[in-house]
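Here's a quick briefing on the spaces, the ligand surroundings and a few loop residues in this model. Have a look at the sequence and the 3D view before reading on.

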Amino acid sequence: MRIKMVAGNWKMNKNLQEGIALATELKEALQQNAPKCAVVIGTPFIHLASVAQIIKDSPIRLAAENCADKVSGAYTGEVSAEMVRSTGAEYCILGHSERRAYYHEDYDILKEKVLLALQNGLKPIFCIGEVKEEREAGKQNEVVRAQLEGSVFNLNAEEWKNITLAYEPVWAIGTGLTATPAQAQEMHAYIRSLIAEKYGKQAAEDTTILYGGSCNAKNAAELFANPDVDGGLIGGASLKAPDFCTIIAAR
Ligand code: PEP
């Protein structure tokens, strides 16, 4: 049985004190209403060690939003997968469209990051999705297939078990435009069919595929009602504990 999950992506928001306050508020809220799905929060690097302490006796799991494509050494400003893991983080968001677009992370860089994350005991939450022009040209399936083939379909079956996917149509991220439940289901089913081709039917059934892109407290339930949508990767709405809790309760 695959894991149902709601994961937050704080992006470059919240200073350390604000991040600690948000994690504390979320932990307290989930003590009142125990989640029925896995809950992950993705925070900036500098928050990880502090937030790990706050959530240690809670159901919340921790993710970094990135890691380096190098093991260690003279890479000023970078943070390695090993360093991330040493904070207590268990997951690492990789391949986010903002990293692809603004920091030029291509298939090969992402392939390295995924391997390093796995080698260091981190579970990648690997993001894929097409931009608006690609959707308008009907190319979304080929884009998503290329992203998977370029960066994660090199993994062996054992490694694959640690992968969570997030389908995030770029045109829906932070724009208020959400994929319709039917569009999300169609793409998630397609992605699952690609996994089945590559790793077999059981692996496809067991892979968690999240939807991301303007998912919020109002629309989460209808998105999550789809059989192939296993939960959400939530940006903006993960920055307010009550909204994030409503989304968790919808899963
Ligand atoms: C994201 O950045 O992963 C995301 C889904 O953002 P938002 O929910 O704000 O669209």
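About 290 Å³ of space sits in the second largest pocket (a pocket is an open set of points on a 1 Å grid over the protein atoms alone, where a 1.4 Å probe fits and protein lies on both sides within 12 Å along at least five of seven lines). Its lining counts 18 residues, and Trp160, Lys161, Asn162, Ile163 and Asp206 are the closest to the centre (lining residues have an atom within 4 Å of a point). Keep in mind that this is a predicted model, so local features need pLDDT of at least 70 and side-chain atom pairs count only at pLDDT 80 or more, while totals for chains, interfaces and linings use all residues. Residues are numbered from 1 along each chain as its sequence is written, and side-chain values use heavy atoms, with hydrogens and water left out.

**More on the second largest pocket**

- Sorted by class, the lining of the second largest pocket holds 9 nonpolar, 5 polar and 4 charged residues (Asp, Glu, Lys and Arg are charged; Ala, Val, Leu, Ile, Met, Phe, Trp, Tyr, Cys and Pro are nonpolar; the others, Gly among them, are polar).
- Thr207 belongs to the loop between α10 and β7 (209–212).
- Why does Thr207 count as buried? The reason is its relative accessibility of 3% (buried is under 20%, exposed over 50%, partly exposed in between, with a 1.4 Å probe and protein chains only).
- The side chain of Thr207 also makes a polar contact of 3.0 Å with the side chain of Trp160 (a pair of N or O atoms within 3.5 Å; within protein, one must be able to donate a hydrogen and the other to accept it, and residues adjacent in sequence count only through side-chain atoms on both sides).

**The largest pocket**

- The largest pocket has a volume of about 440 Å³ (the space filled by probe spheres set on the grid points).
- Which residues lie nearest its centre? They are Lys11, Met12, Glu65, Arg99 and Tyr103, out of 13 lining residues.
- Helix α4 (residues 97–102) provides the largest share of this lining, 3 residues.
- By class, the lining of the largest pocket splits into 6 nonpolar, 3 polar and 4 charged residues.

**The cavity**

- There is 1 cavity of 30 Å³ or more (a cavity is a set of points where the 1.4 Å probe fits but cannot get out).
- The largest cavity holds about 30 Å³ of space.
- Its lining is made of Gly95, Ser97, Arg100, Cys127, Ile128, Gly129, Gln147, Glu168 and Val170.
- At least two of the lining residues come from α4, and at least two from β5 (123–128).
- The class count for the lining of the largest cavity is 3 nonpolar, 4 polar and 2 charged.

**Around the ligand**

- There are 14 residues around the ligand, and Lys11, His96, Glu168, Gly174 and Ser214 come nearest (near means a heavy atom within 4 Å).
- In the side chain of His96, an N or O atom is 2.7 Å from an oxygen atom of the ligand.
- Glu168, which also lines the largest cavity, has a polar side-chain atom 2.7 Å from a ligand oxygen atom.
- For Ser214, a polar backbone atom is 2.8 Å from an oxygen atom of the ligand.
- On its own the ligand has 290 Å² of accessible area, and the protein covers 94% of that (Shrake-Rupley method, 1.4 Å probe).
- The shell around the ligand has 4 nonpolar, 8 polar and 2 charged residues.
- Ser214 sits in the loop between β7 and α11 (220–224), and it is buried because its relative accessible area is 18%.
- The Ser214 side chain reaches two backbone nitrogens, that of Gly176 at 2.8 Å and that of Thr175 at 3.5 Å.

**Other loop residues**

- Lys14 is in the loop between β1 (5–9) and α1 (16–32), and its phi is near 80°, a positive value in a residue other than glycine.
- With 32% relative accessibility, Lys14 counts as partly exposed.
- His104, in the loop between α4 and α5 (107–119), is not a glycine either, yet has a positive phi of about 55°.
- Is His104 buried or exposed? It counts as exposed, at 60% relative accessibility.
- Gly236 lies in the loop between β8 (231–234) and α12 (241–250), and its 58% relative accessibility makes it exposed.
- Gly236 and Trp10 are 226 residues apart in sequence, but 7.3 Å apart in space, C-alpha to C-alpha.

Definitions and conventions
Helix = DSSP H or I, 4+ residues; strand = E, 2+ residues; numbered from the N terminus.
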